[in-house]
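Visitor: I would like to go through this structure term by term. Please set each label against its cut-off.

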Amino acid sequence: MIHTNVTRLRTLFLAPAALLMLATLAIPVVIVAAYSFLSRGAYGGVEAPWTDQNYVRLLDPLYGGIFLRSAWISLLASVGCLILGFPLALFIARSGQRKNLYLALVILPFWTSFLIRLYAWMFLLRDTGLINTILQSFGLIHAPLPMLYNQGAVILGLVYGYLPFAVLPLYATLERQDPALLDAAADLGASPLRALFHVTIPLSAPGIWAASILVFVPCIGTYIVSDLLGGSKTVLIGNLVQNQFTASRDWPFGAAASMILLAAAIAVIVLMRRSRQELL
Amino acid sequence: MDAVLKLADLSKDFAAHKAVDRISLAIPRGSFFSLLGPSGCGKTTTLRLVAGFETPTTGEIRLNGQRIDHLPPYRRNVNTVFQSYALFPHLTVQGNVEFGLRGSSIHSGAKKGMAKNGAGFAADRVRRVLDQLELGGKESRKPAQLSGGERQRVALARALVLAPEVLLLDEPLSALDPQLRKQVRAELRDLQKQTGVTFLFVTHDQEEALSLSDSLAVMRAGRIEQTGAPAELYRHPRTKFVASFLGAMNWIGDVGVRPEAMRVVLTPPPSDARIAAVIAATVSDTAFLGPIAHVTARLDDGSVAMVQVPSSDAPYRPGESVYLCWNTADELRGLS
């Protein structure tokens, strides 16, 4: 009796979240999947008949290049976030009572709109921006450095935007590590650097994988960062999709590109999971 | 005496208290030396000072005559068996034991041998230590797949493979269940004799310290109360604290008598020059412990004494009137 009551109660409590996920995730995905097999409407929207032409179009090397570039930029951003995030997470995990303060500081940027923060970066990086102005006024450079509207600026923006997503899972694994293991490593003759590479980092593998996924997956679908900081030069899948739904008014093609993006993201997660299981 | 490790005037102050308060010790080479004391007495801090995890506030630590107190832990040729073992969970048994042999910066005997004879020497050494600790066949297991006793042996193997000048053991038996503890205790003693490595063993368990050590130091509140061989400390404690900490003690006024030195009799014994005193008492409780029994008796002045008797002796019942007596030779007098 008690058991069935508990089960019923559990179902009851989980139902709102499950319904919300169904309404806001599963149903839209099904709609997008359906759109991707329809034809383009004259003024946006979709029309009959069913077709697979949207996917055939994506085989064009032009789009293949965009996919590859997106994956490459996301990979660089993930690596950048790991390189910057790991020391930061390590510092926070070892700063005793100030941990919570530093964690709050990591999350603090979320209190401002990402869009506004990207505009701030534009203000810093553009030819007449703060950095170029200062460097020029000191006579260090004679012409403005081209820091905006290129691939580097996009990667910078992505690393900046997604760094907290890397720091939090890294912090979670580092914070759980037994400090006695570092004593043991030192006791067995390992210098701090050797202990870092042979004890701390290997034991952080779960956090490193989680951080990589949490940065890579949203990066591969981004369009705001590449739109604002990359100019028209750096088109990513996100921009492609966005354009189909806005300027080009080709919803079915945008939907097909979205489905491929979704498949790529899921593939990354599955692959990472598998390789992690092999490691352990 | 050839002392491998010498502590001189060593102190460690923490913000709130003095954990170690100006202690001096000389640990004889090749001996099994224990630091015994209640929790918070500074014995673990002393061990951590020797290992290098804490820096002393004052004083010096000498290993083979060389000062080591300014060296980081990874440059000291001492190794630790941690209370929780601190095995690397991501490495196999083999990996854990090899850890210290790879890229270590200690100029230990093991390391010098490696430089001379190459990797074959290291592999051979690991093999021998694993066999010695009966870990053969378990090389590829991870610590999570081992029993408590096996983990402890890996912790020992990992440290001993480096041939340390002194092996530091921080309550290594406390994580084992009581059944296993006695067995491992004997193994530990054998291992020390076989390897000849100096063991510095920290414990709060007096039975462990007495049965294992060649000599021991009893610590209290950051200071050393007394140092000596187990039997010497047990028979001739200098302070009441040492007397009580090393075993049960009956205090008749200021005179101490061990439970096994006291006798229970139903009638006062014939007068004898050796007997120090005969006191009337009432049995309040008896506890059967197999070969022996503990008789608790209440004296007329209200104090309580415990007497250890062979359990084959006539059982005393609570409420029974008895006499307690003991010999002058068994009295501990003049303890501070």
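Guide: E134(B) lies in the loop between α4 (119-132) and α5 (148-160) of chain B. Helices here are DSSP runs of H or I with at least four residues, strands are runs of E with at least two, and both are numbered from the N terminus. This is a predicted model: local features need pLDDT of at least 70, side-chain atom pairs count only at pLDDT 80 or more, and totals for chains, interfaces and linings use all residues. Residues are numbered from 1 along each chain as its sequence is written, while chains are lettered from A and ligands numbered from 1 in the order in which they are written.

Visitor: Why is E134(B) called partly exposed?

Guide: A residue is buried if 20 or more other C-beta atoms lie within 10 Å of its own, exposed if 12 or fewer, and partly exposed in between; the C-beta atoms are placed from the backbone. E134(B) has 13 other C-beta atoms within 10 Å, so it is partly exposed.

Visitor: What is the phi of E134(B)?

Guide: Phi is near 55°, a positive value in a residue other than glycine. Most residues other than glycine have a negative phi.

Visitor: Is Y85(B) buried or exposed, and what makes it so?

Guide: Y85(B) has 22 other C-beta atoms within 10 Å, so it is buried. Its place is in the loop between β6 (78-81) and α2 (93-98) of chain B. Phi of Y85(B) is also positive, near 75°.

Visitor: What makes M259(A) partly exposed?

Guide: M259(A) has 19 other C-beta atoms within 10 Å, so it is partly exposed. M259(A) sits in helix α13 (residues 251-279) of chain A.

Visitor: Which residues is M259(A) in contact with, leaving aside its neighbours within four places in sequence?

Guide: Two residues are in contact if their C-beta atoms, placed from the backbone, lie within 7 Å. By that test M259(A) is in contact with V32(A), A33(A) and S36(A), its neighbours within four places in sequence left aside. Across chain A, among contacts between residues at least 6 apart in sequence, 71% join residues at least 24 apart.

Visitor: How many residues of chain A count as buried?

Guide: The share is 30% of the 280 residues of chain A. Chain A has 13 helices and two strands.

Visitor: Why is α5(A) called oblique to α7(A)?

Guide: The axes of helix α5 (residues 114-125) and helix α7 (residues 151-176) of chain A cross at roughly 140° and come within 11 Å. Axes are lines fitted to C-alpha atoms, for helices over the stretch in contact, and angles run from 0 to 180 degrees between N-to-C directions. Angles under 35 degrees count as roughly parallel, over 145 as roughly antiparallel, 65 to 115 as roughly perpendicular and the rest as oblique. That makes α5(A) oblique to α7(A).

Visitor: Which residues meet where α5(A) packs on α7(A)?

Guide: F114(A), L118(A), W121(A) and L125(A) in α5(A) meet A153(A), G157(A), Y160(A) and G161(A) in α7(A). By class, this contact has six nonpolar, two polar and no charged residues. Ala, Val, Leu, Ile, Met, Phe, Trp, Tyr, Cys and Pro count as nonpolar, Asp, Glu, Lys and Arg as charged, and the others, Gly among them, as polar.

Visitor: How many residues does each chain give to the contact between chain A and chain B?

Guide: Chain B gives 20 residues and chain A gives 15 residues. On the side of chain B that touches chain A, eleven are nonpolar, eight polar and one charged.

Visitor: What makes β2 and β5 of chain B edge strands?

Guide: Two strands pair if DSSP finds at least two bridges between them. Four strands of chain B form an open antiparallel sheet in the order β2-β1-β4-β5. The strands β2 (18-28) and β5 (66-67) of chain B each pair on one side only.

Visitor: How many bridges join β4(B) to β5(B)?

Guide: Two bridges join β4(B) to β5(B), and the strands run antiparallel. R62(B) stands opposite R67(B) in β5(B). Elsewhere in this sheet, β1(B) and β4(B) pair in the antiparallel sense over five bridges, and seven bridges join β1 (residues 3-13) of chain B to β2(B).
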